[in-house]
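Here's a quick briefing to read alongside the model. Keep the sequence and the 3D view open while you go through it.

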Amino acid sequence: MKNIVVLISGNGSNLQAIIDACKQKKIKGTLRAVFSNKADAFGLERAREAGIPAHSLEASQFASREAFDRQLIQEIDAYAPDVVVLAGYMRILSPAFVAHYAERLLNIHPSLLPKYPGLHTHRQVLENGDEEHGTSVHFVTDELDGGPVILQAKVPVFDGDSEDDVTARVQAQEHAIYPLVVGWFVDGRLQMRDNAAWLDGIRLPPQGYAADEA
């Protein structure tokens, strides 16, 4: 069984989707530990309830981002992860951290990348009058939200939608596609090489798997 470590900063709803998928054997791996940069993150409670070791590491205890990440690497590596999954982890990672977990570091971002990297994606979609929004699972590289896209899910944006409406619609899709992608990686079907995502030996297009059929 491959080892999974998840990093969170908040509520941990995507973490819960991954916990559930592991329990249902949809992900044939072991969720070994959950780490948060916030001690009060509710996601840590979700981990404890599931019997998963839950750890917090506060940035204020460290002199620099690099020092924080060095300690985080040391603590993560104690669990011998095959894949490290960012699930609402709101810290920008140091190049050393990204390099250490190169090709086995996954993230989910609430937009149809390359549109709207960074924060406040739902607000930007509403302000710009977009009719379509979504979420992207991608490999992590040094470029913020810029690594190879693996899978996207699209949602409609309706007149009169609030930010909460759009958030809920996107999160419902996130909870479906993130466990699916983690499962692909754990099963050995998904790889990153040549700065691209590959599924079952086939190089995926820039928008990820089955983008044209979505």
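A residue is called buried when its relative accessible area is under 20%, exposed when that area is over 50%, and partly exposed in between (1.4 Å probe, protein chains only). By that cut-off, His109 is buried, because its relative accessibility is 4%. This is a predicted model, in which local features need pLDDT of at least 70, side-chain atom pairs count only at pLDDT 80 or more, and totals for chains, interfaces and linings use all residues. Residues are numbered from 1 along each chain as its sequence is written, and side-chain values use heavy atoms, with hydrogens and water left out.

**What the record says**

- UniProt, in an unreviewed entry, lists His109 under "active site". UniProt positions are given in the numbering used here, feature names are shortened, and annotations may be inferred rather than shown by experiment.
- The unreviewed entry also has the annotation "domain: Formyl transferase N-terminal", covering residues 2-182.
- Over residues 2-182, the chain is 36% helix and 24% strand, with end C-alpha atoms 11 Å apart. Helices (H or I, at least four residues) and strands (E, at least two) are DSSP runs, numbered from the N terminus.

- His109 sits in strand S5 (residues 105-109).
- Leaving out residues up to four places away in sequence, His109 touches Tyr116, Pro117, Gly118, Thr121, Thr135, Ser136, His138, Asp145 and Glu174. A contact here means heavy atoms within 4.5 Å.
- Ser111 belongs to the loop between S5 and helix H5 (121-127), and it counts as buried because its relative accessible area is 0%.
- The contacts of Ser111, apart from neighbours within four places in sequence, are Tyr116, Thr121, His133, Gly134, Thr135 and Ser136.
- The side chain of Ser111 also reaches the backbone oxygen of Lys115 at 2.5 Å. A polar contact is a pair of N or O atoms within 3.5 Å; within protein, one must be able to donate a hydrogen and the other to accept it, and residues adjacent in sequence count only if both atoms are side-chain atoms.
- Pro114 is in the loop between S5 and H5, and the peptide bond from Leu113 to Pro114 is cis, with omega near 10°.

**The sheet and the helices on it**

- Seen in order, S3-S2-S1-S4-S5-S6-S7 make an open sheet of 7 strands with mixed pairing. Two strands pair if DSSP finds at least two bridges between them.
- Strand S3 (54-56) and strand S7 (149-156) are the edges, each having a single partner strand, so one side of each is left without a neighbour in the sheet.
- On average, neighbouring strands of this sheet are turned by 20° against each other, direction ignored. Axes are lines fitted to C-alpha atoms, for helices over the stretch in contact, and angles run from 0 to 180 degrees between N-to-C directions.
- Strand S6 (residues 132-139) runs antiparallel to S7, and 7 bridges join them. Val137 stands opposite Leu151 in S7.
- Helix H2 (residues 42-49) packs on the sheet and touches S1, S2 and S3; its direction makes about 155° with that of S3.
- Helix H6 (residues 163-186) packs on the sheet too, touching S1, S2, S4, S5, S6 and S7; its direction makes about 155° with that of S7.

- Helix H1 (residues 13-23) is largely enclosed by the rest of the structure, because 8 of its 11 residues are buried. Among those buried are Leu15, Ile18 and Cys22.
- The buried residues of H1 pack against S1, S2, H2, S4, S5 and H6.
- In H3, the buried residues are Ala67, Phe68, Asp69, Leu72, Ile73 and Ile76. Their cover includes strand S1 (2-8), strand S2 (29-36), strand S4 (83-86) and helix H4 (95-100).

- S8 and strand S9 (residues 196-199) pair in the antiparallel sense over 4 bridges.
- Asn195, in the loop between S8 and S9, has a positive phi near 55° and is exposed, with a relative accessible area of 55%.
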